[in-house]
Structures are given as structure tokens and as C-alpha cells.
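Subject: Structure for your review

Dear colleague,

Please find the structure below, followed by a summary of what was found in it.

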Amino acid sequence: MSNNLSASKPTKDHLYKILVIGDLGAGKTSIIKRYVHDFFSQHYRATIGVDFALKVLHWDANTVIRLQLWDIAGQERYGNMTRVYYKEAVGAFIVFDVTRSNTFESVSNWKADLDSKVQLPDGSSIPCVLLGNKCDQQKEGIVNNPNKMNEFCKEKGFSAWFETSAKENVNVEEATRSLINEILTNDVINANHNQRDREQFTLTNNKKDDEKNQKCYKC
């Protein structure tokens with residue numbers, strides 16, 4: 001029994017802050033409630049400022065992921081406070097309403113604002129997934145053309161896009177898994193990068209010590 005326990009891998013516990021941003025009424029709160037509590041209501045009040053919910057995932061046998069989903073009020077867009085709200089985020093959803101094309105027109109501004117205020121340690125943009133919400137209703141605009149949506153997302157630097165419905169629970173789980181996979185990939189890349197930096201630091205210091213010892217020996 002003890003041998004099996006000692007041989008088992010230690011559990012990795014990750015805490016990830018994820019932003020959920022987009023225009024007022026796009027359905028950000030509904031998506032979070034559906035994902036975290038598997039619940040939908042037609043009667044949410046508009047979020048004031050910021051709210052957040054916690055979701056714990058047993059990703060695999062050795063990995064626990066705790067998601068902090070930050071619900072940023074639509075009227076907060078491009079404001080000075082968003083820099084505070086965005087701090088330490090490692091991923092984001094930008095949400096628009098497929099029944100109102102004007103909410104899609106704001107997506108580029110949301111993405112540019114996000115990229116200017118939060119980056120990964122290497123300076124690159126945090127992973128961001130675009131959600132066209134309320135796909136259970138009549139759609140209008142570019143979202144009716146998947147090829148154009150693909151081109152738009154590639155141009156703007158989105159890692160993926162999904163049509164979602166918080167009401168009918170369409171693609172909410174799939175979109176979140178897609179974003180988490182991107183975050184985990186970045187974690188692996190950063191871990192490898194940090195390991196190389198540590199190895200280089202050790203090699204450099206050892207070389208300096210050797211040179212120092214050689215100089216002392218020559219003296």
C-alpha cells in the first residue's frame with residue numbers, strides 16, 4: 001500500500017484567472033452561470049463593476065485546475081479600471097451577441113484594449129477565445145459566414161471562436177476546454193523556458209567559478 005502511494009505522482013494544482021469581457025447584454029454573466037452552476041435565467045441584472053465565480057476542475061488524474069472567471073461589466077470597456085481588473089489574467093473570453101451586429105463591431109476594440117493591458121511573461125498576448133453568444137436565436141452579420149469569422153479571428157489573434165448559447169448550453173464547455181488547453185500549453189512553454197534560463201545561469205556561474213579558480217591557481 002505504502003509503495004503504491006509513494007509511487008503515485010504528486011497532484012498539480014493550478015489557479016487561473018480568466019476574464020469574460022464584451023458589450024453590455026452580450027450574455028457574459030449567463031455564460032458564467034451556465035458553466036459554473038449549470039443554471040440559466042432570463043432575468044440577470046447588469047453587472048456593476050466586476051464579479052467573479054470559481055470553478056474547480058479535476059482535469060486529469062494528477063491535475064486540479066481552479067478557474068477564477070472574472071465577469072467585467074460591459075460599461076467598463078476601455079476604462080482605466082480595466083487595467084486593475086485584467087492584472088494577472090492568463091486567458092480571456094470576449095463575448096458578443098449574434099443577434100446584434102453592433103456588439104461584434106466592438107470586438108476589435110475589446111481585443112486591442114485587452115492586449116494593451118495584460119501580457120504573458122514573454123510579452124505575448126494572453127490566449128483569447130471569441131464567443132458568439134445566443135446562437136439559439138436569429139443571427140445577423142459576419143457570424144453567418146464561418147470563413148470570414150476564421151479570417152477575422154486569425155487577423156485579430158484569437159486562438160479560437162465558438163457559437164454559444166448559455167440558454168441551451170451549446171459549446172460553453174467546449175469553449176472553456178479550448179481556452180484551458182491554450183493556457184496549459186503556455187504553462188509548459190514557460191516552464192521549459194524557465195528551466196533553460198536556470199540551466200544557463202548555472203552553467204555561466206560555474207564557468208565563472210572555474211575561471212576564478214584558474215586565475216587563483218595561476219597566481
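**Findings**

Helix H2 (residues 28-37) lies across E1, E2, E3, strand E4 (91-97) and strand E5 (128-133), and runs at about 155° to E3. Contact here means heavy atoms within 4.5 Å; axes are lines fitted to C-alpha atoms, for helices over the stretch in contact, with angles from 0 to 180 degrees between N-to-C directions. Helices (H or I, at least four residues) and strands (E, at least two) are DSSP runs, numbered from the N terminus.

This is a predicted model: local features need pLDDT of at least 70 and side-chain atom pairs pLDDT 80 or more, while totals for chains, interfaces and linings use all residues. Residues are numbered from 1 along each chain as its sequence is written, and side-chain values use heavy atoms, leaving out hydrogens and water.

The chain contains 7 helices and 6 strands, in the sequence pattern α-β-α-β-β-α-β-α-α-β-α-β-α. An open sheet of 6 strands shows mixed pairing in the order E2-E3-E1-E4-E5-E6, where two strands pair if DSSP finds at least two bridges between them. Strand E2 (50-60) and strand E6 (160-163) are the edge strands, each pairing on one side only. From one strand to the next, the twist averages 20°.

Strands E1 (residues 12-22) and E3 (residues 63-72) run parallel and are joined by 9 bridges; Tyr16 has Leu67 in E3 as its bridge partner. Helix H5 (residues 107-117) lies across E1, E4 and E5, at about 165° to E4.

Of the 219 residues of the chain, 41% count as buried, meaning under 20% relative accessible area (1.4 Å probe, protein chains only).

Kind regards

Technical notes. Buried means under 20% relative accessible area, exposed over 50%, partly exposed in between (1.4 Å probe, protein chains only).
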